[in-house]
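This report goes through the side-chain contacts of one protein chain. The sequence and the structure come first.

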Amino acid sequence: QVQLVESGGGLVQAGGSLRLSCVASGRTLGNYPMGWFRQAPGKEREFVAGSSRSGGHTLYAESVKGRFTISRDNAKNTADLQMNSLKPEDTAVYYCAAKAATGIQAYIPWGNRLEYDYWGQGTQVTVSS
């Protein structure tokens, strides 16, 4: 079992930056592909960014490409999301997730939320215009 806890959310003006952090406990994060998702009020949870188990392969939603960066430190059991040039439409609750992948599946990032097995409770990001 993996427990995930997000932090770093808050209120920021458009054009600003935030760094979200996800800390895992229970298992070594280095065995799991990780992902960040977000959910705005009245909308479905959507993919933001994903990382393979090593961090060597990443995947981004088109809406955040070039502005957000996913990174991980497996020694510290953390996965971060650096968010730059934030826009009001980035306002949402942000969740980190881990996929219990084995073999070759652990070496690619995953963009489908249904593929993930463990989820954090989320952290609110609000971008004002």
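Over the ring of which residue does the charged end of Arg45 sit? In this predicted model, the ring is that of Trp119, and the charged end of Arg45 is 4.9 Å from its centre.

## Rings and charges

Trp119 also belongs to a cluster, in which ring pairs link it with Phe37, Phe47 and Tyr116. The whole structure has five aromatic pairs. One of them joins Phe37 and Phe47 edge-to-face, with 5.6 Å from centre to centre and 70° between the planes. Phe37 is in strand β4 and Phe47 in strand β5, so this pair ties together parts that are ten residues apart in sequence. Phe37 has a relative accessible area of 0% and is buried. Phe47, with a relative accessible area of 15%, is buried because the value is under 20%.

A charge also sits over the ring of Trp110. Here the charged end belongs to Lys99, and the distance to the ring centre is 4.5 Å.

## Nonpolar core

The largest nonpolar core has 34 residues. Leu4, Trp36, Val48, Phe68, Leu81, Met83 and Tyr94 are those with the most contacts inside this core. Two or more residues each come from β3 (18-25), β4 (34-39), β5 (46-51), β7 (68-73), β8 (78-83), β9 (92-98) and β11 (123-128). Strand β9 gives the largest share, five residues.

Met83 can be followed in more detail. Leaving aside residues up to four places away in sequence, Met83 touches Gly16, Ser17, Leu18, Leu20, Arg67, Phe68, Tyr94 and Val125. Two of these partners, Phe68 and Tyr94, are themselves listed with the most contacts inside the core.

## Disulfide

How many disulfides does the structure have? The count is one, and the bond joins Cys22 and Cys96, whose sulfur atoms are 2.0 Å apart. Cys22 lies in strand β3 and Cys96 in strand β9, so the pair ties together parts that are 74 residues apart in sequence. The torsion about the S-S bond of Cys22 and Cys96 is about 50°, and the disulfide is therefore right-handed. Both Cys22 and Cys96 are buried.

## Salt bridges

Side chains of opposite charge can pair when their charged atoms come close. There are six salt bridges in the structure. One of them is formed by the side chains of Arg19 and Asp80, at 3.2 Å from N to O. This pair links distant parts of the chain, with Arg19 in strand β3 and Asp80 in strand β8, 61 residues apart.

Arg38, Glu46, Arg67 and Asp90 are linked in a network of salt bridges. Within it, Glu46 pairs with Arg38, their closest N and O atoms being 2.6 Å apart. Glu46 has a relative accessibility of 37% and counts as partly exposed, while Arg38 is buried with a relative accessible area of 6%. The side chains of Arg67 and Asp90 form another salt bridge, at 2.8 Å from N to O. Arg67 is in the loop between β6 (58-60) and β7 and Asp90 in the loop between β8 and β9, so this pair ties together parts that are 23 residues apart in sequence. Both Arg67 and Asp90 are buried. Arg67 is also among the residues touched by Met83.

With a relative accessible area of 42%, Ser85 is partly exposed.

Definitions and conventions: Residues numbered from 1 in each chain as written. Predicted model: local features only at pLDDT ≥ 70, side-chain atom pairs only at ≥ 80, totals over all residues. Heavy atoms only, no water. Core = buried A, V, L, I, M, F, W, Y, C linked by side-chain atoms within 4.5 Å. Buried < 20%, exposed > 50% of the residue type's maximum accessible area, 1.4 Å probe, protein only. Helix = DSSP H or I, 4+ residues; strand = E, 2+ residues; numbered from the N terminus. Contact = heavy atoms within 4.5 Å. Salt bridge = Lys/Arg side-chain N within 4 Å of Asp/Glu carboxyl O. Phe/Tyr/Trp six-rings, centres within 6.5 Å; stacked < 30°, edge-to-face > 60°. Lys NZ or Arg CZ within 6 Å of the ring centre and 35° of its normal. Disulfide = S-S within 2.5 Å.
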